[in-house]
Amino acid sequence: MTGETLAEFTFELHVCRLAERDWPPAGTPPGGPWIVARQLGTRGRRWDTIVIECDPAGFEQRAAFGNRGLDDDLRFVLRNAPETWGWYRDVLPDPGYPWRYVRESIHRAADRGVLETRREGNRIHIRRRYDYPEWIRRIVAIENKPDLDRRAADALARQLEYDVALGLADEVWVATQRRDERVAPALLETMPVEAGILVVDPESLAWESIWNPRSLRPAETGVRILEAGRPNVAGRFEYVEGGEKEKFRRRIAERAWEHGWRRYIDSMRQDCRHFALEADHPTNPPRCVAKGRPQTAAECHGSCDRFEPEPPSWRTRGWPIEGGPGRAVEELLAHQRERYRPCQAE
């Protein structure tokens, strides 16, 4: 047996770290950069870990638009803006919604420096600054369940069946913690054959693919399961066209670009004297010294009964970096967030 079972939050961070370092778990590297994010998806389905495999040239072009994500309205303007000056209502296609919302998007794009604008009388003229690229190659979804018994496997299998039927991602995986040398039969018996299976050893920070996934077809029409069928009761479903799925994929990829997988730290109390993060291994989960274990974003907040703010002397003495450990953590993580965008095989 390989240690005790990790909490889902801690296990999820281990999987994100592995994906950032050693993608893919089986086969050859994707031949370009990749981005790792967590807790993203659609209104009806959120994935634990997401890997966005990127086109190298498109990745560089996307970087020109900055680190913040681009929503649907911004992308509409940026993709259709002309190379030469023109009144926005002449040069943009009919958006299908009121033009005042387009003007708002134009102002937002100009404020972010990704679109050129000028006024001629009362009219706003626009000109493209950068070409918005086709930068997404593949989207891979991973569900994380460190302790996967029969009951949990059945529930997860239904979620993966939804993913396979819809085909929004190019691949779906399930990751579980290695407990002994034998893989639980529930994994192999219950999971859809299209889903890959990863076994993770947190102690050695390594993973192994014991079942490779099948490629899904995001460009084709998928099926959204609204209600699973039961004995003598028909299920409900609806078709989702490939074009609609492409919109969802872009939204997910743009949010992954902005947030990555380390944003959980923003909701935690880095200014607590018990908050600890290893400077040599900042991708490791943070730890609570008072509790002697990794904590979750949900429990690490101001209402925690063990919360203690940094003493003022820590700030005045410049320990360990000027501003106290909370500031040190912020600077360390700011550096780490910059690393997840150019993440690629070395």
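Arginine 62 sits in helix 2 (residues 56-63); helices are DSSP runs of H or I with at least four residues, strands are E runs of at least two, and both are numbered from the N terminus. The model is predicted, so local features need pLDDT of at least 70 and side-chain atom pairs pLDDT 80 or more, while totals for chains, interfaces and linings use all residues. Residues are numbered from 1 along each chain as its sequence is written, and side-chain values use heavy atoms, without hydrogens and water.

Arginine 62 is buried, at a relative accessible area of 0%. Buried means under 20%, exposed over 50%, partly exposed in between (1.4 Å probe, protein chains only).

Contact means heavy atoms within 4.5 Å.

| Residue | In contact with |
|---|---|
| Arginine 62 | Arg68, Gly69, Leu70, Tyr132, Pro133, Trp135, Glu254, Trp257 |
| Isoleucine 106 | Val77, Tyr88, Leu92, Leu115, Thr117, Ile124, Ile126 |

The largest nonpolar core has 53 residues. Such a core is a set of buried Ala, Val, Leu, Ile, Met, Phe, Trp, Tyr and Cys residues joined through side-chain atoms within 4.5 Å. Ile52, Tyr88, Leu92, Ile106, Trp135 and Met191 touch the most other members. Helix 6 (residues 150-166) gives the largest share, seven residues. Another core of 27 residues lies apart, with Phe9, Val15, Val140 and Leu277 among them.

Strands 12-13-14, in that order, form an open antiparallel sheet. Pairing requires at least two DSSP bridges. Strand 12 (275-276) and strand 14 (293-294) are the edges, each pairing on one side only. Two bridges link strand 12 to strand 13 (residues 287-288). Alanine 276 has arginine 287 of strand 13 as its bridge partner.

How values were computed. Lists of a residue's contacts leave out its neighbours within four places in sequence.
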